[in-house]
Amino acid sequence: MRRLLTGLAVFLVLAGVILFLPVFEAPRPAPVPVQTSAQQISMGSVTAPAQDAEVRDLGEAPDQAAPTSAPALTVTRTDAAGFSLVGVTWAHDPAITDTVVHVRVQNGDGDWGEWTTIEGEGLEQTGPGPAGEARGGTAPLWTGPSTGVQAELVTRSGARPEDVRLDLIDPGTSAADTALGEADIQETADAATEMPPVYSRAQWGADPALRSWAPEYAPTIKAATLHHTADTNNYTADQVPAMMRSIYRYHSVSLGWGDIGYNVIADKFGRLWEGRDGGLADTPIGAHAGGFNTGTFGVSMLGNYDTVNTTQPMVDAVAAIIGWKFSLYGVDPYGRTTLVSGGGGTSRYAKGVAVTVPTIFGHRDVGSTACPGQYGYSRLGEIRQKAAARIANAVTPEIAQRYASDPALRKVLGNKTGAERSAAGVVWQAYEGGSLFFTPATGVKLVRGGVLAGYMRAGGPASLGAPTVEEKALPDGRGVRAEFQRAFIYWSEPTGAHVVRGAIAGHWFAQGGESGSLGYPVADETAAGTGSVSRFERGAIYWSEATGAHVVRGGMLAAYEATGAAAGPLLFPTGEETDAPGGRGRIQQFQSGTTYWSETTGGHAVRGGVAGAWAALGGTEGVLGYPVSGEQSTTGGGGRVQHFQDGSVYWSSATGAHAVRAGVLAAWTAAGGATGPAGFPTSGETPAERGGVVQNFQSGSVFWSAGTGAHLVRGGIAGTWRAAGGVTGALGYPAGGEEDTPRYAGRVQRFEGGSVYWADGRPYVLQGDIAGAYAAAGGPGGLLGLPTGDAAATGPGGNGRVQNFQNGSVLWSAVTGAHVVRGGIGGAWGAAGGVTGSLGYPLGGEEDTPRYAGRVQRFQGGSVYWLDARPYVLPTDIAAAYAAAGGPAGVLGLPTGQVAPAGPGGTGRVQNFQSGSVYWSAASGAHVLRGGIAASWRAAGGLSGPLGYPTSGETATNGGALQQFQGGTVTWGAATGQTTVAYR
């Protein structure tokens, strides 16, 4: 930097006295990516040579180190398209380390050149490239324009490589090769040592399409490795760009490395060329020293310096680029460093072995190779000396003066730890205890400790500018502050050092800075959405150009960050936190929503359609109260929900947002909520008739009243209920939710005035006494099963009601009430005419008969008994007489037949029982006739005799019993068992 300033001053002085005349020259061709090509000639292997190859004894160009018995794999091609570089590759095999290839080429006139020996490539990629496995191969050999080739391959050990291929590279042509002009890359890095000019990849025509492996970077640079390309030395300056393209093609494609192996190449004319992509000032990992690629800077000399001496311009260029690189990373050219081998076929050390080497070493020091050749290796001492001299000459006098003049400062700083560096117009020198930074505007400033670490982590001078005020202890005694041209750095023991800058810094200062409510920064400012954020001990400040800077803290911050903060749906805060309406909490506005906080609920964001529905109900002062959760997906997806103190707001794209609360919410949730049969709400809660409320959903409604609570009504049941008048009809409000019917497949829902059943694909209403009788009979789980019809008028003049079920009916009249009629009794009753027959309406339910196994049911016109699997109908008077005699448990026992006509002309009736009969006529009524009296009566002619119909039942006497008849009396004596008849 000092040299640049001095040069600028001299120029300004000369500009005042010298008139410069314009100089014109023809425009140079612009460098462009040049397409290269390769011909691949398959050679196969010694055991399976390719079609054009053959195996023979060691050929015309014998290798003295190889046994004469070693077989040679050879190929000749005289009809090749033009090429300028030759290489031989084979399938990767770590055991193949001693391959020697002999090559000669034929020019366009058909003349063959001398044989050239190419040894195996001493370089090695760290891993396989993106196109597949890396291959083994020879070093590339520049031949110049050629059309024919002969090659033979041997191994000293007799090893036999597989899938051998001869690659002939055509580098293509570019008009820019002979008119490069000045090197593009100059003074691009943060070093005080001047960077030598380097020709860029673009200048030598690198085709980006060949670079199939993105750069990988080491943590730092610890050493430099010197190489030679083991190539021809017979090249011109104009040929170097084509040589670079050829090597690039061979390394990246033929060997499968994805890019050229070296970081920088120096030619014999002293020019430097950018090699592997990734930035010269950075730490891209090359493929130049098997096992030692990471953390080393690979510089290769173009040519073979085992056979000829290096040139001085080349050595000077190598020293210059290494000195500059070392000044970036504080490496001592005379130092030594420890590297850990990554292993590999060309490495001299197994993977994991720690090796201590000079910081500038030759490839042969770590690899099984002669690289960089005997002459190149002998120049290492000179290269170290010149690299160190370049670094030593880069000293800023202002930094040196302050360091020398201040003993206390020297005690703090200790010794230098590297060369001076520079960036963005700032020069600095690193020491053991800190660094001194200098610009003419700011002078020399000390930065050390945590502040220095934070400064460099944030990008140093390039990001924050030069330090303007050295760190000072802050009044609170907790930390220190340092000022820079574009930021401040605050440090404390618990928080570390962090940068505060720009509008965020201004807003933080307005809050009291480190002594205010936010405290010290705990992180550097980082990008957030379209703005930035800085975090502090007790909150954060978010900034965007549209909203400015605002504090978000506590529960508000937790709620905001739960939504994704600035990158989430709320975007940036538009104001500070304030009291919420009513004073029970706090509120903060954001671009697309609001966060609310209270002591009991914490902080939660409310936004979008949910916010609209909530606000319409009064927000924090309304019926829902404060939010108790953030907005979240509903179970099963399909919508969103947010919970509040007294309800929830549900949203879907089809229905919008609506609040659901209190009993309605409980009933809807119990029915499955949004994923249940009702779906999402389509309205808010509204008043319903008779003092209740209703809320509609996609497939149903929830009705609530104080007497019934809240219940969902939907589907066919809802339709039937509404057709019956809904809450104002006979059924009234729902008294329960829809349920499965036990025993039989159906659904039922109870209402205030009855129930609605869904069976066989249709609804049925049960109300009043019929519903009560059905329930008493066990309902849908009882003997009747499900309804098969609605209640209908029945009886004379439609004075009653009947409802049929799967296994019976319920009959009702105002006089008799509602009773079940079913089974065999029901069949007999129906056969007797049902309600319009002699039996009329049932007076009770079916009952067990005492003493005998049977069933009985009473009707208006009699009773029906079910005995021995058959029914018996007893008309009223006969039934009464039978009952008076004790019924089935009395003296008659069970009926043995149906009622039948009796007497002359069938004017009466008789019904027989196990132990007697009951006779009836209109004149005499119904009376039991049995035993000895009945026998005497029959002996006297029965109904056709003079006695006629009985006019009383049997009554006891002192000695037996007697019974009155129309025509007399029959007496029975207990002592004798004899009967006497007395006629009138």
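Student: How many helices and strands are in the chain?

Tutor: Helices (H or I, at least four residues) and strands (E, at least two) are DSSP runs, numbered from the N terminus. The chain has 18 helices and 61 strands. The model is predicted: local features need pLDDT of at least 70, side-chain atom pairs count only at pLDDT 80 or more, and totals for chains, interfaces and linings use all residues. Residues are numbered from 1 along each chain as its sequence is written, and side-chain values use heavy atoms, with hydrogens and water left out.

Student: What radius of gyration does the chain have?

Tutor: This value is taken over C-alpha atoms, and the globule rule is 2.2 Å times the number of residues to the power 0.38. For 984 residues a compact globule would come near 30 Å, but the chain has 55 Å. Its C-alpha atoms fill a box of roughly 175 × 85 × 55 Å along the principal axes.

Student: Which residues touch the most other members of the largest nonpolar core?

Tutor: In soluble globular proteins, nonpolar side chains tend to be buried together. A nonpolar core is a set of buried Ala, Val, Leu, Ile, Met, Phe, Trp, Tyr and Cys residues joined through side-chain atoms within 4.5 Å; buried means under 20% relative accessible area (1.4 Å probe, protein chains only). Here, the largest core has 58 residues, and Trp273, Val318, Ile321, Ile322 and Ile383 touch the most other members. Helix H3 gives the largest share, 10 residues. Leaving aside neighbours within four places in sequence, Ile321 is in contact (heavy atoms within 4.5 Å) with Pro196, Val198, Val264, Leu272, Phe297 and Val299. A second, separate core of 25 residues includes Val46, Val88, Ile118 and Ala139.

Student: Is Pro461 buried or exposed?

Tutor: Pro461 has a relative accessible area of 2%, so this residue counts as buried. Pro461 lies in helix H9 (residues 460–464). Beyond four places in sequence, its contacts are Ala423, Ala424, Val426, Trp428, Phe437, Tyr455 and Arg486.

Technical notes:
Buried < 20%, exposed > 50% of the residue type's maximum accessible area, 1.4 Å probe, protein only.
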